[in-house]
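Thank you all for coming; I would like to walk you through one part of a model, going from a sheet and its helices to a single loop residue. Please have a look at the sequence and the structure first.

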Amino acid sequence: MSTAFVAPEDIETETLEAAVKARHWLHRHPEIALREYDTTHFITDQLASYGIETRQETASGSADDRSDHQLGTGVVADIHGLQGDGPTLALRADIDGLPLAENADHPFASLNPGMMHACGHDLHTASLLGAAKELQGHRDRFRGTVRLLFQPAEESELGAQKVLAAGWLDGVDLIVGYHNHPGLPVGTVGISSKAIMSGNYRFDVTIHGKGAHGSRPEDSADPIAAFTAMSAQIQTIVSRNVSPLEPVVVSITQVRSGSAWNVIPSDLEFHGTARAFNRHSAELIQERLTRIVQGVSDAYAVRSDLDWSVRAVPIENDPDLASALARSAESYALHVIEPQPSLGSDDFADFQHSGIPGLFSFIGSNGDPGASGWHTPNFEAKDSALPYAIDYYTHAVDTLLA
């Protein structure tokens, strides 16, 4: 193995200081999916200061004016190794924030009302910027090409699919990414050859009934009554159809209906998510959900529309990449573990399912038992995770392109 990037403490001090500074700026200025304009400019400027030119310009105009083959945000750039021709390895970080108001007292809290980096994408982006600086300064250590992918819209809007449609990964032979994990201590790297994040499936149901005054329920076809019956039955999809040894989740997360306290409404809509690690379980959930919605609708004399969509497929790592990078991680991580699978999801899986062998890992970012998880107003990832994340990227290059 090359000795280009040995341990977190051996990363250049200037690189670490720049990565921390970048992380704080990004955390102060979160932007939601397909609106990451300032973030995109910041990344482009940082790369230019390292002597790295972006490979492809993003399209101008509003998100509504662009096709799926155009991206108004996100950055892609190449670093060419000086050892000669070789494969193209993509390193991916996601850049979007979430529509949540931050509840934090640290000095780099969000300045954008109603938005925050509640999933740690600021940490991901800053670590890839740090890795880019290190790699640009050590191009003589590897062959082939490193493609830096700063992906927009991971949280929503199917950003990975848009990246693929735009051709940003054309010619890529391998891809590596990670997600920070607040439940793991800083210095811990979790690498697995198994599926580590589930598929994410969305369902949207609208119940069309007949409204009536609350004092005359007999005149109605009550969508609320129909929904309560559906909700009770939906809870049995997992408990009565799936082995308790298999991780599957079905959750109703939003319900909207009515505008007056004394009127039975005409319509009700509800939304939810399902999570599963294999196609069979996902198809089972969809089939049972469809039968429940239709059966209850018939019983309650209402009409219902059901929409089922795939938001992300399960992440399935390449075993050879997992084995190689797990061995590599032993030289810089404090602990290398087989991580517990998460029922969270990440559209990194779309890159793998497009035919690009890939590895997606967890990197500890907090580890405090009282720390909040992803997508919460008081989510916190620690700056001290940055050097391990930078080394995760640079060691991937060191291992796969040396």
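Helix α7 (residues 279–299) lies across β7, β9, β11 and β12, and runs at about 165° to β12, where axes are lines fitted to C-alpha atoms, for helices over the stretch in contact, and angles run from 0 to 180 degrees between N-to-C directions. Contact here means heavy atoms within 4.5 Å, and helices (H or I, at least four residues) and strands (E, at least two) are DSSP runs numbered from the N terminus.

This is a predicted model, in which local features need pLDDT of at least 70 and side-chain atom pairs count only at pLDDT 80 or more, while totals for chains, interfaces and linings use all residues. Residues are numbered from 1 along each chain as its sequence is written, and side-chain values use heavy atoms, with hydrogens and water left out.

The four strands form an open sheet in the order β9-β11-β7-β12, with antiparallel pairing, two strands being paired if DSSP finds at least two bridges between them. β9 (249–257) and β12 (303–312) stand at the edges with a single partner strand each, so one side of each is left without a neighbour in the sheet. From one strand to the next, the twist averages 15°. Helix α5 (residues 223–234) also packs on the sheet, touching β7, β9, β11 and β12, and its direction makes about 10° with that of β11.

Turning to the loop, Thr376 sits between β15 (358–366) and α10, and Thr376 touches Leu100, Met116 and Ala118, leaving aside residues up to four places away in sequence.
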